[in-house]
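Load the model in your viewer and keep the selection tool at hand. The stops below say what to select next and what is there.

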Amino acid sequence: MIVVAGEALIDLVPQGAGALVGLLPRLGGGPYNTAVALGRLGSPTAFCSRVSDDAFGEALLGGLREADVDVSLVQRGAEPTTLAVATIGSDGSAGFSFYVEGTADRLFSAADGLPDTTKAVSFGTCSLVLEPGATAYEELMRAAAARGVFTALDPNIRAVLIPDPDAYRARFKSWLPSVSLLKLSQEDAEWLGGTPREWLASGPGAVVITRGGDGLTVFTRDGQELSVPGEPVEVVDTIGAGDTVNAALLHGLAARDALSPAALTELGPDDWTRLLRFAARAAAITCSRAGAEPPYASELGGL
């Protein structure tokens with residue numbers, strides 16, 4: 001089982017141009033999207049978070065169940081659901097403003113432990129920024145890594161939520177010894193500073209950087225550097241594209257029985273090239289439709 005830990009929220013997606021255009025609520029949140037994408041691809045998946053008892057929270061749980069994601073690790077609370085108001089650029093790129101004060105997902109408390117069947121656990125986005133939940137997720141990450149569980153991190157930087165960038169950058173570096181796979185966008189990499197080689201020296205076995213329509217690049221601890229181009233597609237918006245890449249990578253690694261820090265280092269150029277191409281195809285499908293709507297396994301070719 002792959003456990004995805006982090007926030008579930010509602011994206012309010014504009015249905016046209018202008019500040020006062022109508023907004024359509026869509027299920028979202030980086031970790032949530034990753035969990036749904038994994039479920040749709042057919043990977044046994046569980047979601048670990050705190051979700052509101054309100055109507056949005058019920059809809060979020062419904063989306064997980066529809067994707068065959070286990071929700072037994074989800075905590076519930078009376079607090080409202082976090083809202084993320086999207087703005088869509090002319091190129092389909094998405095920006096967000098957030099309503100997070102007193103919301104359910106940021107009040108996540110440290111879990112008793114992960115199921116014995118856990119092969120990997122994935123972290124990222126707002127959940128590693130907003131306290132007190134951020135510390136609880138961090139504790140879960142370190143505990144999983146100490147047990148030898150494969151850990152994946154997608155920082156998915158939301159700078160508007162980070163009051164002290166230097167403190168966050170230092171905290172990010174402190175996570176790296178507990179990370180097996182680091183996936184981030186080119187924009188995230190530039191904001192964080194440093195290089196893939198520097199990050200690899202701190203712990204991860206591989207770093208994957210997404211470059212939008214230009215494709216993906218992987219850097220590995222043994223010196224490999226491989227790139228694939230993006231898949232041509234008419235972009236509706238980019239919401240959930242990076243989360244889909246994250247899920248596709250984890251799904252592909254699971255298919256290769258490579259969800260362990262040791263097995264990750266044994267992947268060769270052909271393995272990585274096929275895996276990156278699979279992730280690029282999956283992300284392209286997500287970009288071809290509105291909101292975070294990752295593909296099902298039936299929409300993709302083989303690994």
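Contact here means heavy atoms within 4.5 Å. This is a predicted model: local features need pLDDT of at least 70, side-chain atom pairs count only at pLDDT 80 or more, and totals for chains, interfaces and linings use all residues. Residues are numbered from 1 along each chain as its sequence is written, and side-chain values use heavy atoms, with hydrogens and water left out.

**Stop 1: serine 52**

Select serine 52, in strand 5. Helices (H or I, at least four residues) and strands (E, at least two) are DSSP runs, numbered from the N terminus. Show what surrounds the residue. Not counting residues up to four places away in sequence, serine 52 touches Gly57, Glu58, Arg76, Gly77, Ala78, Glu79, Pro80, Thr81 and Ala104. Is serine 52 buried or exposed? Its relative accessibility is 2%, so serine 52 counts as buried. The cut-offs: buried is under 20% relative accessible area, exposed is over 50%, and partly exposed is in between (1.4 Å probe, protein chains only).

Now draw the polar contacts (pairs of N or O atoms within 3.5 Å; within protein, one must be able to donate a hydrogen and the other to accept it, and residues adjacent in sequence count only if both atoms are side-chain atoms). The serine 52 side chain reaches the backbone oxygen of glutamate 79 at 2.5 Å. It also reaches the backbone nitrogen of aspartate 54, at 2.9 Å.

**Stop 2: serine 49**

Step back to serine 49, in the loop between strand 4 (45-48) and strand 5 (50-52). Serine 49 is buried, at 0% relative accessibility. Its side chain reaches the backbone oxygen of glycine 6 at 2.7 Å. Beyond four places in sequence, the contacts of serine 49 include Leu73, Phe108 and Tyr137.

**Stop 3: the cores**

Select phenylalanine 47. Leaving aside neighbours within four places in sequence, its contacts include Val4, Pro31, Tyr32, Leu64 and Val74. Phe47 belongs to the largest nonpolar core, of 52 residues, and with Leu64, Leu253 and Trp272 it has the most contacts inside that core. A nonpolar core is a set of buried Ala, Val, Leu, Ile, Met, Phe, Trp, Tyr and Cys residues joined through side-chain atoms within 4.5 Å. Helix 9 (residues 269-287) gives the most to this core, with nine residues. Then colour a second, separate core of 40 residues, which includes Ala84, Leu114, Ala136 and Ala189.

**Stop 4**

Most residues other than glycine have a negative phi, and most peptide bonds are trans. Go to the loop between strand 9 and helix 3, where threonine 125 sits. Phi of threonine 125 is near 60°, a positive value. Threonine 125 is buried, at 5% relative accessibility. Proline 132 lies in the loop between strand 9 (120-124) and helix 3. The peptide bond from glutamate 131 to proline 132 is cis, with omega near 5°.

Jump to aspartate 257, in the loop between helix 7 and helix 8 (261-264). Aspartate 257 has a positive phi of about 55°. Its relative accessible area is 59%, so aspartate 257 is exposed.

**Stop 5: a helix pair**

Finish with helix 3 (residues 133-146) and helix 4 (residues 165-175), which pack at an angle of about 20° with axes 11 Å apart. Helix 3 is therefore roughly parallel to helix 4. Axes are lines fitted to C-alpha atoms, for helices over the stretch in contact, and angles run from 0 to 180 degrees between N-to-C directions. Angles under 35 degrees count as roughly parallel. To see the contact, select Ala134, Thr135, Glu138, Met141 and Arg142 of helix 3, then Arg171, Ser174 and Trp175 of helix 4.

Key
Angles under 35 degrees count as roughly parallel, over 145 as roughly antiparallel, 65 to 115 as roughly perpendicular and the rest as oblique.
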